Number of protein chains: 2
Amino acid sequence: MTRKRNTNRNAGTPTLADVARLAGMSEITVSRVVRNQGPIADATRTRVLAAIAQLGYIPNRAAGSLASAASTLMTVLLPSLSNIVFPDVLRGIHTAITETAFQPVIGVTDYDPLIEERILLSFLAWQPAAVILAGLHHTPTARKHLEQGRFRVAELMDIDGDPVDIAVGMSHRQAGYETGRHLIERGYRRFGYAGHMLISDDRAKARYQGLCEALREAGLSLVGEMRVPGGGSTIAGRELLEKLLAAHPDLDVVIFPNDDMAIGGIFYCIHAGILIKERLGIFGFNGLDIGQAMPLPLSTILSKRFLIGKTAAEKLLESRERPAEKTIINTGFDIIEGATA
Amino acid sequence: MTRKRNTNRNAGTPTLADVARLAGMSEITVSRVVRNQGPIADATRTRVLAAIAQLGYIPNRAAGSLASAASTLMTVLLPSLSNIVFPDVLRGIHTAITETAFQPVIGVTDYDPLIEERILLSFLAWQPAAVILAGLHHTPTARKHLEQGRFRVAELMDIDGDPVDIAVGMSHRQAGYETGRHLIERGYRRFGYAGHMLISDDRAKARYQGLCEALREAGLSLVGEMRVPGGGSTIAGRELLEKLLAAHPDLDVVIFPNDDMAIGGIFYCIHAGILIKERLGIFGFNGLDIGQAMPLPLSTILSKRFLIGKTAAEKLLESRERPAEKTIINTGFDIIEGATA
DNA sequence: AAGAATAATGACAGCGCTACCATAAAACGC
DNA sequence: GCGTTTTATGGTAGCGCTGTCATTATTCTT
């Protein structure tokens, strides 16, 4: 006598079989209607849909994923949620997949490749359809799984490197370089850098290096630089600029790794009565709305976060299979002239 | 002759059975080790763990969820990602569950209950362990599923209403009321409101009503109000204040539904040379870092977004079963005195 | 020392769905 | 008009786990 376990397990939750019985069709036909797959006669579809509505049937994705060895989940690993930058990326991803069957599972890595690896492995347990992560730098184990997995991979933000599958972003080294050129052209000579100590923020580091390269080419170098511990905030930027100017009163321009810190710098200048742009140039990175809404719009570089997320997700949707060729999409960046440098 | 489908399906991906074979144990024992469940001898555990490491075994959560009729997924439905408020909530949730087996699946509702319902139903297909959403107002269908589902439910931000299971947040009506009282005490009499037109932002609406109530009690009322279409941004706040003051030059204080817009208002005052606080008070809502980093810190109300997310997730982790009693947790709010009102 | 409780492990069915193959009817080609 | 393709549907065997029950050591009572 076979033991039936179904007693009160999912009592009341209708299954494909229930729908099939009510509609007078086989399970597989119902399944095809649900997935919109294969040829189905209009009359059949109507009948099945009615049965689904009547029962309030909700497909069990765990069963579906198990049977097909593939899920509709899209793993998204972001370095942080504290800054609006990554929510913007997530928003782009969400916009691209909102009308599809894909659902984003998100993890936060704190800019730590080891945490990234741990979360990645735990997410692979769902056999995701795609994995989206930030940057091209991962642990060897993570890289191995990314390369061997049966899913699409998109690496965002950065394109200076060798992607697993798709890379969407911009060259941060070039952004830093262009920042330097831009400011040199405007006559600035005594450069300061007010940064943070996020060692794993490869993008900020690349911009810093690009900046230094531009200075070197022009026979210049950073006169002074300081870094705050942690990720850098508006308040940190404000306090850091005060310290930096105390140590190097002769700076004529200060570059910040992001707009948040740069805005803090502007607030310090307002507070201290320092004439922005004429006496001290301020330059940021990201092109946040708030920087552009200020009385003096911030001079900065617009990174296209939303576009990066959206483009990546759209690209991933194009094919379930990983193509032979790797793809690199450069979304570029715009220098925002602004009024602070 | 039984057809084997396993041919190249998951070629190479080791299963529980593979681990069991290598470790010389039964599948169920391996399963118990993986799930850290039931009594396991130390020697056995060591042996199994070694086999897992050797094979690089990754459990298949789809199979696990199917067998146990429960997943480790936590559904998170947020109204928006454009504003840092909801990423802050998400950050709190993530902080609470980061060391657990739970994984957040996120959806964005655009403040639309119908979209919320649609996403909710599609997420229920994963048999989530918990559902987190914003506000206490949902479609009847959504509410029905929330009440009947075999998962915990947390409704965030708002506590003015009847929750399904747990509500964590603050009274927005009271926040609006206290804003009014606070400003009246400081001598302001000619109130303006510069808002947005997000009809479904129930929280902003409740604050507005609370504000009006405080004014009414004091024999006052709004002298002028204006709203921008959409959700409101710094730039919108800036432009809106200009228009509002053009129509009502005699206002002595303006309340904004959020800090972003209020900061825009401050920028307009700086630009137009209006003496903030003495000539015109500015009051926001949220207590964003940037508002406090400004030369004149913004007068506002601190909503404890991170705490709300974290508290809710922690509370959900306490028990898998929904308790008989509903829980309402008031995280409260702080009035930030600031220097703008 | 006999019985009871506990610790440690296993056998096996079945969770709800989809891949794979098969089949029958309708449409098509020339 | 007879093969051939296309359209529409179904039977069935798993997918990889875990719940349930069973079994055998081991330890504890008194």
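The C-alpha centres of domain 1 and domain 2 of chain A lie 34 Å apart, with domain bounds taken from an automatic or database domain assignment. This is a predicted model: local features need pLDDT of at least 70, side-chain atom pairs count only at pLDDT 80 or more, and totals for chains, interfaces and linings use all residues. Residues are numbered from 1 along each chain as its sequence is written, chains are lettered from A and ligands numbered from 1 in the order written, and side-chain values use heavy atoms, without hydrogens and water.

**Chain A: layout**

- The assignment gives domain 1 (16–59), domain 2 (71–171 + 305–331) and domain 3 (172–303).
- Chain A holds 13 helices and 12 strands; these are DSSP runs (helices H or I, at least four residues; strands E, at least two), numbered from the N terminus.
- The C-alpha trace spans about 90 × 40 × 35 Å along its principal axes.
- Chain A has a radius of gyration of 26 Å, whereas a compact globule of 341 residues would come near 20 Å. The radius is taken over C-alpha atoms, and the globule rule is 2.2 Å times the number of residues to the power 0.38.

**Symmetry of the two copies**

- A rotation of 180 degrees, with 0.0 Å of shift along its axis, places chain B on chain A at RMSD 0.1 Å.

**Cavities**

- There are three cavities of 30 Å³ or more. A cavity is a set of points on a 1 Å grid over the protein atoms alone where a 1.4 Å probe fits but cannot get out.
- The largest cavity has a volume of about 160 Å³, the space filled by probe spheres set on points joined across faces, edges and corners.
- Its lining counts 16 residues (an atom within 4 Å of a point); A:Y111, A:E116, A:A134, A:H137 and A:S200 lie nearest the centre.
- In chain A, β1 (73–78), α6 (113–124) and α9 (202–217) each give two or more residues to this lining.
- Domain 2 and domain 3 of chain A each supply at least three lining residues.

Definitions and conventions
Least-squares fit on C-alpha atoms with pLDDT ≥ 70 in both. 1 Å grid on protein atoms, 1.4 Å probe; cavity = no way out; pocket = protein on both sides within 12 Å on 5 of 7 lines; lining within 4 Å.
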